[in-house]
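Here is a friendly briefing to read alongside the structure. Keep the model open as you go through the topics below.

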Amino acid sequence: MNTLFPHDDRLARVALALICHPTHELHASLTAYGASDTMNRINSHRAHSLHSEIPLTPAAKGLSVATAQHVLDDSLRAGYDILIPGDSHWPPQLDDLGSVAPVALWTQGNSALLRNANLTAITGSRASTGYGEHITAQLASGLVQQRQTVVSSSSYGIDAMAHRAALSAGGHTIAVLAAGLNRLYPHGTIALLERIATHVGVLVTSEPPETAPTKRAFHRRNRLIAALSHRLVVVEAGSRSTALLTARYAHQIGRDVCAVPGPLTSATSTGTHLLIQEKTARLVTTTADILAPNAQPSQTTTPR
């Protein structure tokens, strides 16, 4: 970029999403200078061959104002909303993520759901068992009957079942993605995701269009699930399941974390038992347990 970035907060945040991951340095600059001036500071460092204090991705090399404008315009033409802080549908609970909060969100569907006061996440193993799927269907249906909106990822197994059960019960559901909205993933859940986006739900991601899923993007997705929701339920999770990371992110920012016990002989329940043992999560078996008014929230700590 050889020209000054215009004072357009939405356009600047689109550009930042294209070239930066959420970091303490980026958060500090946004707080001190705003999005447009942060882009101009990055541009100034690049123009003088200086190292920017904000870590940049390889995409920064070819970024221009025109590139960012093209992404913004194409997003709107595709029917996506681009949400930034201050927008009416921006979820204020994301502030709890601190320096790793996303700079912008891309959504498709009913983005007003993101500000719903009754958001409960259900997550778990991709290699779910019949037991786990049965429990998930019961809990998701019960939550819908209590006017909760179900939040989960786009993954196979427990997460996909949570969406299907919520929709079958006539409820709303939010699918959080680790890729751009035009790169729906995995292939086996595309029909489900399209149904969510075009009926009574919303797809949401912090990744710009054309972005493929990466390990870092999955971590950002898990943090987003944790922060969007007011409580999180892990139904099944092996000892190395990414659902455990989501639960620990939720615990760190003070969300109420719940875990469903399973058979002692099932490898897909070792993770949920661990969460209960280490007191990251409280044991639940019913919808009433999840929504218990005397449930104690997790201890809040600073997000990493």
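This is a predicted model: local features need pLDDT of at least 70, side-chain atom pairs count only at pLDDT 80 or more; totals for chains, interfaces and linings use all residues.

At the start of helix 9, Ser241 places a side-chain oxygen within 3.0 Å of the backbone nitrogen of Ala243.

- Helix 9 is mostly covered, with 8 of its 11 residues buried.
- The buried set consists of Ala243, Leu244, Thr246, Ala247, Tyr249, Ala250, His251 and Gln252.
- Just after helix 9 comes Gly254, where phi is positive at about 85°.

**The largest pocket**

- The space in the largest pocket amounts to about 400 Å³.
- Its lining is made up of 23 residues, and those nearest the centre of the pocket are Arg126, Ser155, Phe218, Arg221 and Thr242.
- Two elements, helix 8 (215-228) and helix 9 (242-252), each give two or more residues to the lining of the largest pocket.
- Helix 8 is the biggest contributor to this lining, giving 5 residues.
- By residue type, the lining of the largest pocket has 11 polar, 8 nonpolar and 4 charged residues.

**The second largest pocket**

- For the second largest pocket, the volume is about 310 Å³.
- It is lined by 20 residues, and Ala17, Cys20, His21, Glu207 and Arg220 are the closest to its centre.
- Here the elements that supply two or more lining residues are helix 1 (9-19) and helix 8.
- Helix 1 gives the most to the lining of the second largest pocket, with 3 residues.
- The lining of the second largest pocket divides into 12 nonpolar, 5 polar and 3 charged residues.

**Cysteines**

- How many disulfides does the model contain? The count comes to 0.
- Cys20 is buried because its relative accessible area is 7%, under the 20% cut-off.
- Cys258 also counts as buried, because its relative accessibility is 0%.

- Ser52 sits in the loop between helix 3 (35-47) and helix 4 (65-77).
- Is Ser52 buried or exposed? Ser52 counts as buried because its relative accessibility is 6%.
- Apart from neighbours within four places in sequence, Ser52 makes contact with Ile42 and His45.
- Ser52 and Gly98 are 46 residues apart along the chain, and 21 Å separates their C-alpha atoms.
- Thr287 belongs to helix 11 (residues 287-290).
- With a relative accessibility of 13%, Thr287 counts as buried.
- Which residues does Thr287 contact, leaving aside its neighbours within four places in sequence? They are Gln138, Leu139, Gly142, Leu143 and Gln146.

**Backbone details in the loops**

- Tyr185 and Pro186 are joined by a cis peptide bond, with omega at about -5°.
- Pro186 is located in the loop between strand 5 (173-176) and helix 7 (190-198).
- Arg147 is not a glycine, yet its phi is positive at about 65°.
- The loop that holds Arg147 runs between helix 5 (130-145) and strand 4 (149-153).
- Arg147 counts as exposed because its relative accessibility is 70%, over the 50% cut-off.
- Glu210, another residue other than glycine, has a positive phi near 75°.
- The place of Glu210 is the loop between strand 6 (201-205) and helix 8.
- Glu210 counts as exposed too, because its relative accessibility is 54%.

How values were computed: Residues are numbered from 1 along each chain as its sequence is written. Side-chain values use heavy atoms; hydrogens and water are left out. On a 1 Å grid over the protein atoms alone, a cavity is a set of points where a 1.4 Å probe fits but cannot get out, and a pocket is an open set with protein on both sides within 12 Å along at least five of seven lines; lining residues have an atom within 4 Å of a point. Grid points are joined across faces, edges and corners, and a volume is the space filled by probe spheres set on the points. Helices (H or I, at least four residues) and strands (E, at least two) are DSSP runs, numbered from the N terminus. Ala, Val, Leu, Ile, Met, Phe, Trp, Tyr, Cys and Pro count as nonpolar, Asp, Glu, Lys and Arg as charged, and the others, Gly among them, as polar. Buried means under 20% relative accessible area, exposed over 50%, partly exposed in between (1.4 Å probe, protein chains only). A polar contact is a pair of N or O atoms within 3.5 Å; within protein, one must be able to donate a hydrogen and the other to accept it, and residues adjacent in sequence count only if both atoms are side-chain atoms. Contact means heavy atoms within 4.5 Å. A disulfide is a pair of cysteine sulfur atoms within 2.5 Å.
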